[in-house]
Amino acid sequence: MDVLGPVRKASRVLKAVSVYGDNGFLFELDLTSLQAPYPWVLSCPQSDVERVLIQRFKALGGELVRGVELLDFTQDGSGVTARIRKGTQLQTLQSEVMVGADGVGSTVRQQLGIGFHGVEYSEHFLLADVDWQSPWRNDSSHGFLQEEGLLIALPLPTGWRLIMATDSPPEAPLDVSIFEERLALILGQKPDLGEPRWISEFSVQRRLAQHYRRNRVYLAGDAAHVQSPLGAQGMNTGLADAFNLSWKLGYYLKGYGSGALLDSYEQERRPVAEKMIYGVDMLSRASLVKRPLLRRSRDSLLKLAGGRTRMSSRILRTASQLDVHYRHSPIVTSGPEAELGWRREGPLPGDRLPDAALKSVRTGHLHQLHDLLRKPVHHLILQLSEKPEHNERLVLYALSDRLGQDYRDRAHLTVVAAQQTPHSEVPREGTTRIWQDHEGEFAAAFGHGPRLWLMRPDGHLAYRAPVGNADHLLEYLDTILGKQLAG
Ligand SMILES: Cc1cc2nc3c(=O)[nH]c(=O)nc-3n(C[C@H](O)[C@H](O)[C@H](O)COP(=O)(O)OP(=O)(O)OC[C@H]3O[C@@H](n4cnc5c(N)ncnc54)[C@H](O)[C@@H]3O)c2cc1C
């Protein structure tokens, strides 16, 4: 979304998660071992994340209106009518669709009558942001699973955020002394935390909306799901909901796409939230457990897990949400001939498209595939074989013609030639962008051509097939992205 630069500037880079039990160090998760271009966590105050997103939204032409309250709304076959209050003024607002991203107490969800089932945890949580010279390394977060309760210390761009669990809300007005006393159990002496920059308390719930959509009205973010902040997943999941929904609504509002496209938002995103809530719940319960026997078993398991690279890499892929896929979505599919022989090679429909280095046939410059496919449209990759045959050249010609004529604003073509193909034998077609696999990275991630890969605007694979299925691919494009029929 072109926001990484300013978010990174406002953040501290965290390279590890360190976990300690009653008897000291248990394990460290090395975030830099994540196989990804950004193998770290950015510790960034949410107000800064929101500032950067708002700046980007406005730069793209978005309009943000503050101080407006949604009172209620109705919907019918032609649109949504919302009653809103701005200061003392009441207004009505007409729109084709509405997205309720109005947080955990969502007025939109309540008025739609959509259930929000789940539970509230019995523990109470206290939070303090302090300017303190802690004895711990400040490029790692630190979790202390103590008998007295969980304590987390998170380095912020300046100072530290401390979060601690208690059995009940404090009786006296909240101040840092309660944190100092808890820290004394870890450090052996009471630290002086000074005046906190922010001190607060919160309770934790785990809930999931029964549906994400009713006709023209959608839910996204905490309005649809809420869970313990221990997994640091809530905002990230909400942003991914919005990304999934926005390109579908974008097509719909321009008159493209089938009803299946809009239905797929709930079908794809609700299972992701369900799985995430379950995982974060397990993590939270394990962190908060009090019974000595369970605590000892947990600590032994954590020690064991810390030494296992495969386990750490699974935890990292889940926590970074890089393992999110939509393989069961009804709008992703393979061509009829795709399953024979190469099921295990390359990404499956619904997976995130892997990245690879490519060389421009025209300039010889190196680029990353992900950077080439940034424009938020569908991207069709035609992967050629080592010795491109006549039918591959015909498909290249036919696809560049059809996409250029019928899908110019929705689907772009990118051609990838194999590393071994001599430069002079790489086919060229009009203005189509042609790239060559660099050091076999593309073949390692996708297998060997000739194949068709269609990527959605959110980076997930919509369709894959051998080149011989080009007609089937065009039928698929027509169903998913074709003009809506009037009426
Ligand atoms: C202590 C803590 C730490 C966290 N840490 C992380 C983390 O590290 N990583 C992470 O990914 N997530 C984290 N989260 C979760 C994250 O804060 C939330 O998931 C995120 O803020 C949800 O965003 P949202 O836009 O869906 O809802 P909200 O942030 O709640 O925004 C909803 C907005 O809707 C407005 N609104 C509500 N009703 C109406 C109405 N009727 N009319 C008009 N406007 C209305 C509200 O004023 C608000 O501006 C943390 C949460 C907590 C409590």
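**View 1. Ala-232 sits in the loop between β18 and α5.** This model is predicted: local features need pLDDT of at least 70, side-chain atom pairs count only at pLDDT 80 or more, and totals for chains, interfaces and linings use all residues. Residues are numbered from 1 along each chain as its sequence is written, and side-chain values use heavy atoms, leaving out hydrogens and water. Helices (H or I, at least four residues) and strands (E, at least two) are DSSP runs, numbered from the N terminus. Look at the backbone of Ala-232. Its phi is positive, about 55°, although Ala-232 is not a glycine. Ala-232 is exposed, with a relative accessible area of 52%. Here exposed means over 50%, buried means under 20%, and partly exposed lies in between (1.4 Å probe, protein chains only).

**View 2. Gln-321 also has a positive phi without being a glycine.** The angle is about 60°. Find Gln-321 in the loop between α8 (309–319) and β19 (333–334). Its relative accessibility is 15%, so Gln-321 counts as buried.

**View 3. The ligand has a shell of 18 residues.** Among them, the closest are Gln-46, Leu-70, Asp-222, Met-235 and Asn-236. By class, the shell holds eight nonpolar, seven polar and three charged residues. Ala, Val, Leu, Ile, Met, Phe, Trp, Tyr, Cys and Pro count as nonpolar; Asp, Glu, Lys and Arg count as charged; the others, Gly among them, count as polar.

View 4. Two elements, β5 (68–76) and α5 (234–253), each give two or more residues to the shell.

**View 5. Residues 29–277 carry the UniProt annotation "domain: FAD-binding".** The entry is unreviewed, and such annotations may be inferred rather than shown by experiment. The span is 28% helix and 33% strand. Its end C-alpha atoms lie 21 Å apart.

**View 6. Three strands form an open sheet in the order β9-β15-β18.** The pairing is antiparallel. β9 (116–120) and β18 (225–226) are the edge strands, each with a single partner, so one side of each has no neighbour in the sheet. Five bridges pair β9 with β15 (residues 205–209); two strands pair if DSSP finds at least two bridges between them. Gly-118 faces Arg-207 of β15.

**View 7. Strand β22 (residues 378–383) is mostly covered.** Six of its six residues are buried. His-378, Leu-380 and Leu-382 point one way, while His-379, Ile-381 and Gln-383 point the other way. β22 runs parallel to β23 (residues 411–417), joined by six bridges. Follow Gln-383 across to β23: its bridge partner there is Val-416.

**View 8. A cis peptide bond joins Gly-449 and Pro-450.** Omega is about 5°. Pro-450 belongs to the loop between α12 (441–446) and β25 (451–455).

Methods
Near = heavy atom within 4 Å.
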